[in-house]
Amino acid sequence: MGADTAQPPLSDPDLEHLLRPLFAAGAPEGGLAVAVIRGTERTVACRGYADRAGERPVRADTRFELGSVTKTFTGLLLADMVARGEVSYDDPIDRYLPAEVLPGYPHERPITLLHLATHTSGLPRLPVGLAPAAVPRWFTSPYATFSAAHLLRALPRTPVRGTPGTRVRYSSLGAGLLGLVLERAAGQRYQELLTGRVCEPLGLIDTSCGTGRDETTGYRRGRWIPSFKVPALPGAAALRSTADDMLRYLQAHLAVDAVPIPERTGAAASLRTALREVCLPRVARRGSGLRICLSWHHRPDAEAEVVFHNGSTGRCTAFVGFDRASQTGLVALAGPLATGRRRFAQTAYDTLRALAR
């Protein structure tokens, strides 16, 4: 490190105490940005650096790769297009994809857009044919050479397990395919569609699929990791964002009627409807107590009803969650970790529950 990573304490000692396990989870050479909403309070706290040399301290506008948190944006885009009457949750994917690229499954129960958004399509976690391209780059950029053309060629060879709509099986392929279907329904690329329908109306000025300024850099065991690219499935894991933008994103979900959205061509009404829709539980995951909303995960108990999602790439780990009843939300964006991705996500979830209490 080129400089001391010590940061001033938060002004709220109680909040500092609650966030301490999260700060401890980050590696000394990695950066961490945490955003918290508690009622009317808004706090962003940053630790560490965005680069290995220790020359760029992490700030509220430092961009991190969101990984699978991208899926919540795709779910919101689906709900917005449903609210506008452009698509329906029950639309079969056959309506938007050529017959020759459809996965193999019994067509008396077609895969619908809702199945894709709730991980009940029966599609596998990743596309058929991805492994040969991904394995040599598994710890760097595994999906960079797998294009949309590769995906369309792979879909007819993709098996569907069970009857669509009957069981939750987490599928990044399904979420990415949903993004592709929405592109075709709207006649726009995923990035353009998301920018116009979600990011610009919510004021998310630094949220996009492309690389940009002030991004975190990543290292694994001393080796540099390139930026994450997933050209075939941007709707599954391609987004980058900042603590500031993700705070606005959380705020929009917590205070749907209060969030300022430009009134143009009915955009505000459809987006507000979508923000309510995405958090409604749709299906239950057997034996886990977990429910699936439109991409979001929902775990209720006697103390809180936490809605959350986490994600990771070679460079970054992300967690986003909230509890509407207590008007509490948490964003945790991290570079390299000292504790591992799963433990970090669990720590973030436990921290959110503590904040909600």
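1. In this predicted model, the buried residues of helix α11 are Phe344, Ala345, Thr347, Ala348, Tyr349, Thr351, Leu352, Arg353, Leu355 and Ala356. The elements that cover them include α1 (13–25) and β1 (32–38), together with β9 (297–300), β10 (305–312), β11 (317–323) and β12 (328–334).

2. The largest nonpolar core comprises 83 residues, and Phe73, Leu76, Ile93 and Leu202 have the most contacts inside it. A further core of 27 residues lies apart from it; Phe308, Ala334, Ala348 and Leu355 are among its members. In soluble globular proteins, nonpolar side chains tend to be buried together.

3. Beyond its neighbours within four places in sequence, Leu202 is in contact with Leu76, Arg248, Tyr249, Ala252, Val259, Ile261 and Leu271.

4. Tyr170 is situated in the loop between α5 (148–154) and α6 (172–186). Its relative accessible area is 14%, under the 20% limit, so Tyr170 is buried. Neighbours within four places in sequence aside, Tyr170 is in contact with Ser68, Lys71, His119, Arg125, Arg285, His297 and His309. Its side chain forms polar contacts with the side chains of Ser68, at 3.3 Å, and Lys71, at 3.2 Å. The C-alpha atoms of Tyr170 and Ser295 are separated by 9.8 Å, although these residues are 125 residues apart along the chain.

5. Thr62 occupies the loop between β2 (41–47) and β3 (64–65). Thr62 counts as buried because its relative accessibility is 2%. The side chain of Thr62 reaches the backbone nitrogen of Arg59 at 2.8 Å.

Key:
Residues numbered from 1 in each chain as written. Predicted model: local features only at pLDDT ≥ 70, side-chain atom pairs only at ≥ 80, totals over all residues. Heavy atoms only, no water. Buried < 20%, exposed > 50% of the residue type's maximum accessible area, 1.4 Å probe, protein only. Helix = DSSP H or I, 4+ residues; strand = E, 2+ residues; numbered from the N terminus. Contact = heavy atoms within 4.5 Å. Core = buried A, V, L, I, M, F, W, Y, C linked by side-chain atoms within 4.5 Å. Polar contact = N/O pair within 3.5 Å; in protein donor to acceptor, adjacent residues only side chain to side chain.
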